[in-house]
Amino acid sequence: LCNYTRYCNMNAGYTIFMLFMLASAAPVLVAVTVYQDNLSYLILPPSAWETMQDLQVTPHVTYLGYEVIDPNQSLRIFFEIHNPYNISISITDVSMQSYCHEHGAYIGTACGEGLPLNIAADENGTLSLLLEFTMNGKNDVLGHYNAGDDLYLDLKNVNVVIQGVEASYSGDIFEVGPISLG
């Protein structure tokens with residue numbers, strides 16, 4: 001009787017283990033069978049893939065112009081941003097560094113004004129950036145101003161927050177100009 005009890009306990013333990021394994025593996029086996037043609041749907045459903053495809057389209061940015069506030073201190077740069085998405089977007093923060101295209105001198109950091117900028121689906125919005133000059137930037141800008149030359153700026157190292165998501169780009173993104181300082 002003792003050996004039979006031990007055999008039954010082992011058999012019961014084995015049976016419970018097999019039931020547990022079957023219960024754990026069955027949903028995975030069913031899912032693999034259902035999605036055998038595209039296993040990536042196990043991780044992200046088709047609706048999420050469509051959303052990710054939409055996000056690969058980026059807003060179109062067009063340089064509109066500038067406003068010289070004071071050639072000793074600052075200027076504004078304006079861009080038109082087209083929202084290509086089916087939902088409105090909100091830009092809550094923008095900053096980028098600006099450099100003299102001719103000399104490579106660091107002029108200053110341009111920061112978004114009047115934010116947040118809300119742009120409806122498939123509409124345009126105007127982004128205003130305020131560029132305040134550093135001391136070296138002021139000297140470079142005044143050099144262009146005194147010589148009667150136009151200023152061209154290279155905008156680099158962009159940080160932008162759209163819909164609460166921060167994105168950074170550390171390369172050249174835009175050349176702005178000519179900016180007439182006189």
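Modeller: Start with Tyr99. Tyr99 counts as buried, at 19% relative accessibility (buried is under 20% relative accessible area, exposed is over 50%, partly exposed is in between, with a 1.4 Å probe and protein chains only). Tyr106 is partly exposed, with a relative accessible area of 28%. Before going on, note that this is a predicted model: local features need pLDDT of at least 70, side-chain atom pairs count only at pLDDT 80 or more, and totals for chains, interfaces and linings use all residues. Residues are numbered from 1 along each chain as its sequence is written, and side-chain values use heavy atoms, with hydrogens and water left out.

How many aromatic pairs are there? The count comes to 3 aromatic pairs (ring centres of Phe, Tyr and Trp, the last by its six-membered ring, lie within 6.5 Å; planes under 30 degrees apart are stacked, over 60 edge-to-face, the rest tilted). Phe79 and Phe174 make an edge-to-face pair. Their centres are 5.2 Å apart, with 70 degrees between the planes. Phe79 lies in strand E2 and Phe174 in strand E8, so this pair ties together parts 95 residues apart in sequence (helices, H or I with at least four residues, and strands, E with at least two, are DSSP runs numbered from the N terminus). Phe79 is buried, at a relative accessible area of 4%. Phe174 counts as partly exposed, at 23%. Tyr99 and Tyr106 form a tilted pair: 5.3 Å centre to centre, with 55 degrees between the planes. There is also a cluster: Tyr63, Phe79 and Phe174 form one aromatic cluster.

Now step back to the chain. The protein chain has 3 helices and 8 strands. From the N terminus on, the elements run α-α-β-β-β-β-β-β-α-β-β. Of its 182 residues, 25% count as buried. The accessible surface comes to about 11600 Å², and 57% of that belongs to carbon and sulfur atoms (areas by the Shrake-Rupley method with a 1.4 Å probe; for residues, only the protein chains shown count as cover). Take the contacts with a separation of 6 or more: residues 24 or more positions apart account for 61% of them (a contact means heavy atoms within 4.5 Å).

Next, the core. The largest nonpolar core has 27 residues, and Leu131 and Leu153 have the most contacts inside it (such a core is a set of buried Ala, Val, Leu, Ile, Met, Phe, Trp, Tyr and Cys residues joined through side-chain atoms within 4.5 Å). The elements giving two or more residues to this core include E2, strand E3 (89-100), E4 and strand E5 (117-119). Strand E6 (124-133), strand E7 (151-162) and strand E8 (165-179) are also among them. What does Leu131 touch, leaving out residues up to four places away in sequence? Its partners include Leu75, Ile77, Ser98, Ile107, Ala110 and Leu153.

Charged side chains come next. The structure holds 2 salt bridges (a side-chain nitrogen of Lys or Arg within 4 Å of a carboxyl oxygen of Asp or Glu). Glu67 and Arg76 meet in one, at 3.4 Å from N to O. Glu67 is partly exposed at 37% relative accessibility, and Arg76 is partly exposed at 23%. Glu113 forms a salt bridge with Arg76, the closest N and O atoms being 2.6 Å apart. This pair links distant parts of the chain: Glu113 is in strand E4 (residues 106-113) and Arg76 in strand E2 (residues 74-82), 37 residues apart. Glu113 is partly exposed too, at 26%. Shared partners join Glu67, Arg76 and Glu113 into one network.

The cysteines are quick to cover. The structure holds 0 disulfides (pairs of cysteine sulfur atoms within 2.5 Å). Cys100 is buried, at 1%, whereas Cys111 is partly exposed, at 35%.

Last, the backbone. Most residues other than glycine have a negative phi, and most peptide bonds are trans. The bond from Leu115 to Pro116 is cis, with omega near 10 degrees. Pro116 sits in the loop between E4 and E5. The bond from Gly177 to Pro178 is also cis, with omega near 0 degrees, and Pro178 is in strand E8. Asn157 has a positive phi, near 50 degrees. Asn157 belongs to strand E7 and counts as partly exposed, at 27%. Phi of Gln163 is positive as well, near 55 degrees. Gln163 lies in the loop between E7 and E8 and is partly exposed, at 45%.
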